[in-house]
Amino acid sequence: MHRRAVLVLRALVVLTALGAGAAFAAEVDDARLRAADKENEAWLTHGRTYAEQRYSPLDQINESNVENLIPAWTFETGLKRGHEATPIVIDGVLYITGSWSHVFAVDARTGKEIWHYDPKVNPLDGRKACCDVVNRGVAFYKGKVYVGVLDGRLEALDAKTGKVVWSVVTVDQSKPYTITGAPRIVEGKVLIGNGGAELGVRGYVSAYDALTGKQVWRTYTVPGDPSKPFESKALETAAKTWSGGEWWKVGGGGTAWDAITYDPELKLVYVGTGNGSPWTRYARSPGGGDNLYLSSILALKPDTGELVWHYQTTPGDNWDFTATQPLILADLSIDGKPRKVIMQAPKNGFFYVIDRTNGTFISAGTYVKVSWASMDQKTGRPIENKTADYPEGLALVQPTAFGGHNWHPMSFNPKTGLVYIPAHEVLGAYKRAPAFEYKNDPGKWNTGTDFNVYGLLTRGAVSGRLVAWDPVKQEARWTHFYANPWNGGTLTTGGNLVFQGATDGRYIAYRASDGKQLWEEQTGSAVIAGGVTYMLDGKQYVTVLAGWGGAFGLVGGEAAQGLGGDGKGRLIAYALPGAPIKPSQVVDLITKQDELSLGERLYHENCVVCHGGSVVAMGAMPDLRYSTPEVRTIFADIVLRGVFRGKGMPSFEKFLSEADVAKIKAYVEHRQQQTGVQPGQAR
Ligand code: CA
């Protein structure tokens, strides 16, 4: 074959290979989601896998080198208010949400914005949100990014462009419904719930066809107006546990605003439900009763939303003790037997281990101070303490409406067997409002309690903990104490590490096995979200979103004073500064340095007058740092054999050898890296 033809062919092969490698976001389908634990380069779903353990086996960053971790890049969202999202990472792109349901696609290598979508929420809808205009992230499926918008929309965006593919309204927008949770993808459907139980709504979770946006099913969590037919058998059963009030006028509550997980093997979707509307049961269901399915874990059929089993964590909820907190699925050995379990640390302070095949209670322990009840370990039904009830007068209760643990993601490390819980110690005070009167207005809270008692919140009365919890023994293995509550979600890794952010702006790494702090960096803003980790080009990144707000950021008063840093939304990626150098590599390195300095001399003897000093061209001639990878592969052909003669680049065959050209090329690439230019980047 003619030499020139060979060159062209080689260039074509290179181009084809690059084209394939750069193909955008390979299809994420159901099979890929089920096998998400195999993809260390990605973080495919909210909790990394359907089990939502937030454990990554990656260990390039580990207990012996994490002290060297440095910021690799930072992306500013340009937004204030709480940033609670867990990033999704697919094929080199990070997808995050900021406050007001903004969505961003960001280059996972550089932190550069690819696109930004603003759903343009009416600023007045902010008053419907009990706990700030936050959003906890997107879902990704078949080339689309799914976001639940604060005003109740569910939208599918084109993952390449951020343009809206479909948009549906999932709520009655005349009522104070909001969406802050991340959608989940289950068998071709997008599942989404909503919030609003403080103001007064009826909770439900819905499934929409992921491709078309058509509603497939909707499951209400509490019974509605008794003059109307029951939507399901499960609600008919539930209605018998409500009595004497007119809860349906307020809504009843039970909103599913955060936790949704899926077990593809058992074909069950698990949903956590929220508190009652109103909070106080004396206004909601004065005749007593458990008020199903408030504060419960529900197991639903993914195709119909039909209830299979339920477990109620707080029967007859009286304290805003939601069970919407993150659910983790795991297989544990308990009393020598393998058990398929769900683990949850709901607001009420008990850590639950439940059999996820049938909802049977296995055990519970208290991960924070609990004064409202003790636990019947046989039945799994809490035994209320009279001191926590408040038919009249004031009750001081632990935990509180902030929760011993709230939405902040917890994580489970199968290597240590421990669950890392971002916990809070807050003393709560409850008192009934003098007379409960339902106010049907999208900005009015309808809890039936006296909010004056929140004046009790002072600095020092509240604090935070990172609890490393043994779910089998139901006890803490180690605890890290923070002066302030509302610290970030946790991430745990195969490097024996736990990462957690803090409201004072630090991002911190602890040794997973014993809690020794190994590293911290100041992000400049409070970190309340949970971090993720992924691998790209052989480099492990740990990434977290900072941004101050959320329930405690808004109402914390004096107790939250001085926290939060500049409060701005900021995505930060951390990585090790470079692979650690072994002694054997030092010799190579010195040789390479010699070659570089020789390459520098040869470059300045032969190339500088056209391509610029130190490989910085001023515009008239090509700046070689920006050469595309395919041009790099034929570098010697260009310099020695005149392949670009037609463009005015002569052959240097008379002056340079193949070895010389290799040294010049190494110097050019060194300068490209040194000046932060990406190969093939546009100038
Ligand atoms: Ca609530």
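**Close-ups of cysteines and a pocket**

View 1. C610 counts as partly exposed at 40% relative accessibility, while C607 counts as buried at 14%. (Buried is under 20% relative accessible area, exposed over 50%, and partly exposed in between, using a 1.4 Å probe and protein chains only.) Keep in mind that this is a predicted model, where local features need pLDDT of at least 70, side-chain atom pairs count only at pLDDT 80 or more, and totals for chains, interfaces and linings use all residues. Residues are numbered from 1 along each chain as its sequence is written, and side-chain values use heavy atoms, with hydrogens and water left out.

**View 2. C130 and C131 do pair up.** You're looking at the one disulfide in the structure, with 2.2 Å from S to S. The link is left-handed, at -105 degrees about the S-S bond. C130 is partly exposed at 23% relative accessibility, and so is C131, at 27%.

**View 3. Here's the second largest pocket, about 590 Å³ in volume.** A pocket is an open set of points on a 1 Å grid over the protein atoms alone, where a 1.4 Å probe fits, with protein on both sides within 12 Å along at least five of seven lines; lining residues have an atom within 4 Å of a point. Of its 24 lining residues, H611, P622, L624, I638 and M649 are the closest to the centre.

Terms used: Grid points are joined across faces, edges and corners, and a volume is the space filled by probe spheres set on the points. A disulfide is a pair of cysteine sulfur atoms within 2.5 Å.
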